[in-house]
Amino acid sequence: MIFENRAVKASNGVEIPQLGFGVYKITKEREFEMAISEAIRIGYRHFDTAKIYGNEQALGREIQKSGLPREDFFITSKVWNTDLGFEATRKAFAQTCKKLMVEYLDMYLIHFAAPNYLEAWRAMEELYSEGSIKVIGVANFEIQHLEHLMKHAKIPPMINQIETHPEFAQNDLHHYLHEHQILHEAWGPLGQGNRALLEHPLLKKMADQHHKTVAQVILRWHLERGIIVIPKSSSSKRMKENSEIFDFELTSDDMEQIKQLNIGKRYSINPTGYIIHPIYNKLMKIFMK
Ligand code: NAD
């Protein structure tokens, strides 16, 4: 069984399935195994992990267990703040591949614009040129970080994975990314399951009109904006629900109404400024739990 997906092209022509599956905070071993095997069964092939999530190995195991060819999958991981640097990033990449039991990554991202990200980028450019990474990009980069990176990069970033949901639409950054042929990928696409968002009366009414759920309307709103989404769920019902978003469209009036929900409200930390704080790593560890 495989659901209909849609591909968006990175600036180098590589196709990325627009709907993926995030694995952050699925920590219990049994829950993880069940979630990933079920996601694969339902038809998800694009998986988003990171070294800091601590589940690269478990994801690699489930992918192996599926018996499907490696090329059927689109696998993303991210280099953590403490591994930024030329040698350190190359080493972190090798460890990530080993844990995932793969020879190459479809996508590798710098997790945050933490110190030494320019050196890390050099390593990523090299790994990309060697064919070990198909798409290179960043996460949680603001415009000033992207400007700085592009000033020094040989290869510009192809994607930026950032918190995005109706209450935090990221309009300015979205526009900037579009102008620079950098893809926009949403983390927390469902507002991290925030009930106020998932029970919003306006979204509920819209969902009823389309015979869809609020989650499906939100995911469809991302798709209409050309954004890649990686919702997370451990429930089979929700995984299936989240995949049924390619058979309806939102009207321009729907899009306009959802636009009004943008109140610039992050549900998570603001990456700017926070990163350069001396205790950021300590705080990050607490936050990432
Ligand atoms: P999300 O927006 O995907 O929300 C997940 C929550 O929504 C879960 O609690 C889940 O139970 C609930 N949910 C899922 N489907 C639902 C449905 N149909 N109806 C109702 N509730 C539903 O938030 P997320 O997990 O934080 O983000 C998704 C992925 O993005 C992560 O798993 C991770 O891979 C990635 N991520 C990246 C960063 C980063 O810094 N780059 C940060 C956070 C997350």
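Helices and strands here are DSSP runs, numbered from the N terminus. The model on screen is predicted.

**Stop 1: Thr164.** Select strand 8 (159–163) and helix 6 (171–179); Thr164 sits in the loop between them. Is Thr164 buried or exposed? Its relative accessible area is 0%, and buried means under 20%, so Thr164 is buried. Now show its side chain. At 3.0 Å it reaches the backbone oxygen of Ile162. The side chain of Thr164 also makes a polar contact of 2.8 Å with the side chain of His184. To see the surroundings, select the residues that Thr164 touches beyond four places in sequence, among them Gln170, His184, Trp187, His222 and Arg225.

**Stop 2: helices 8 and 9.** Next, select helix 8 (residues 201–210) and helix 9 (residues 214–224). Two packed helices are described by the angle and the distance between their axes. In this pair the axes come within 8 Å and cross at roughly 90°, so helix 8 and helix 9 are roughly perpendicular to each other. On helix 8, the contact is made by Leu203, Lys204, Met206 and Ala207; on helix 9, by Val214, Val217 and Ile218. By class, this contact has six nonpolar residues, one charged residue and no polar ones.

**Stop 3: Tyr53.** Finally, go to the loop between strand 4 (46–48) and helix 2 (56–66), where Tyr53 is found. An unreviewed UniProt entry annotates Tyr53 as "active site". Tyr53 is buried, with a relative accessible area of 14%. Which residues does Tyr53 touch, not counting those up to four places away in sequence? Select Val23, Tyr24, Asp48, Lys78 and His111 to show them.

Note on methods
Residues are numbered from 1 along each chain as its sequence is written. This is a predicted model: local features need pLDDT of at least 70, side-chain atom pairs count only at pLDDT 80 or more; totals for chains, interfaces and linings use all residues. Side-chain values use heavy atoms; hydrogens and water are left out. UniProt positions are given in the numbering used here, feature names are shortened, and annotations may be inferred rather than shown by experiment. Helices (H or I, at least four residues) and strands (E, at least two) are DSSP runs, numbered from the N terminus. Buried means under 20% relative accessible area, exposed over 50%, partly exposed in between (1.4 Å probe, protein chains only). Contact means heavy atoms within 4.5 Å. Axes are lines fitted to C-alpha atoms, for helices over the stretch in contact, and angles run from 0 to 180 degrees between N-to-C directions. Angles under 35 degrees count as roughly parallel, over 145 as roughly antiparallel, 65 to 115 as roughly perpendicular and the rest as oblique. Ala, Val, Leu, Ile, Met, Phe, Trp, Tyr, Cys and Pro count as nonpolar, Asp, Glu, Lys and Arg as charged, and the others, Gly among them, as polar. A polar contact is a pair of N or O atoms within 3.5 Å; within protein, one must be able to donate a hydrogen and the other to accept it, and residues adjacent in sequence count only if both atoms are side-chain atoms.
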